[in-house]
Amino acid sequence: MIGSGRAALLQLLDSAATTSDLARRTGMSAGNVSQHLAALHAAGLVSRVRQGRHVLYRGTDVAAVLLRASRGE
């Protein structure tokens with residue numbers, strides 16, 4: 001479920017970001033980022049909130065625990 005692309009996105013989502021922001025920061029296409037975010041949201045690892053015309057994504061507490069565990073913390 002968590003490949004390198006999704007793991008990279010989760011690491012960047014300690015602060016809220018849009019799909020476009022994440023695409024620019026990772027070098028992935030916006031469509032690819034969107035697909036990953038949909039899967040991460042369905043798994044409860046990402047929350048999303050609409051702010052005007054934008055949707056902001058952020059990692060959940062569960063994602064933070066998963067990331068710490070992956071680092072051996």
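Helices (H or I, at least four residues) and strands (E, at least two) are taken here as DSSP runs, numbered from the N terminus. In these terms the chain has four helices and two strands, and from the N terminus on its elements run α-α-α-β-β-α. The structure is a predicted model, in which local features need pLDDT of at least 70 and side-chain atom pairs count only at pLDDT 80 or more, while totals for chains, interfaces and linings use all residues. Residues are numbered from 1 along each chain as its sequence is written, and side-chain values use heavy atoms, with hydrogens and water left out.

**Overall dimensions**

The radius of gyration is taken over C-alpha atoms, and the globule rule is 2.2 Å times the number of residues to the power 0.38. For 73 residues a compact globule would have a radius of gyration near 11 Å, and the chain agrees with this because its own value is 11 Å. Along the principal axes, the C-alpha atoms fill a box of roughly 35 × 25 × 20 Å.

The chain exposes about 4,500 Å², of which carbon and sulfur atoms supply 50%; accessible areas come from the Shrake-Rupley method with a 1.4 Å probe, and for residues only the protein chains shown count as cover. A residue is called buried under 20% relative accessible area, exposed over 50%, and partly exposed in between (1.4 Å probe, protein chains only). Buried residues make up 27% of the 73 residues in the chain. Contact means heavy atoms within 4.5 Å. Among contacts between residues at least 6 apart in sequence, 43% join residues at least 24 apart.

**The nonpolar core**

A nonpolar core is a set of buried Ala, Val, Leu, Ile, Met, Phe, Trp, Tyr and Cys residues joined through side-chain atoms within 4.5 Å. The largest such core has 15 residues, and those with the most contacts inside it are Leu10, Leu13, Leu22, Val33, Leu37 and Val46. Helices H1, H2, H3 and H4 (61–70) each supply at least two residues of this core. The largest share, three residues, comes from H3. Beyond its neighbours within four places in sequence, Val33 is in contact with Leu9, Thr19, Leu22, Ala23, Thr26 and Met28.

Helix H2 spans residues 19–26, and its buried residues are Thr19, Leu22 and Ala23. These residues lie on the same side of H2, because they cover an arc of only 100 degrees around the axis; the arc is that of the directions from the helix axis to the C-beta atoms. Their cover includes helix H1 (4–12), helix H3 (30–42) and strand E2 (54–59). Thr19 is itself a residue of H2, and with a relative accessible area of 18% Thr19 is buried. Residues up to four places away in sequence aside, Thr19 touches Ala30, Val33, Ser34, Leu37 and Tyr57. After H2 comes Gly27, whose phi is positive, near 85 degrees.

The side chains of Arg24 and Asp21 form it, at 2.8 Å from N to O. Both residues lie in H2, three residues apart, about one turn of the helix.

**Selected residues**

| Residue | Relative accessibility | Class |
|---|---|---|
| Arg24 | 61% | exposed |
| Arg50 | 57% | exposed |
| Asp21 | 26% | partly exposed |
| Val55 | 24% | partly exposed |
| His36 | 16% | buried |

His36 lies in helix H3. Apart from residues up to four places away in sequence, His36 touches Arg6, Leu9 and Met28.

Neighbours within four places in sequence aside, Val55 is in contact with Ala17, Thr18, Arg48, Val49 and Arg50. The C-alpha atoms of Val55 and Thr18, 37 residues apart along the chain, are separated by 6.0 Å. For Arg50 and Thr18, which are 32 residues apart in sequence, the C-alpha to C-alpha distance is 9.9 Å.

Key. A salt bridge is a side-chain nitrogen of Lys or Arg within 4 Å of a carboxyl oxygen of Asp or Glu.
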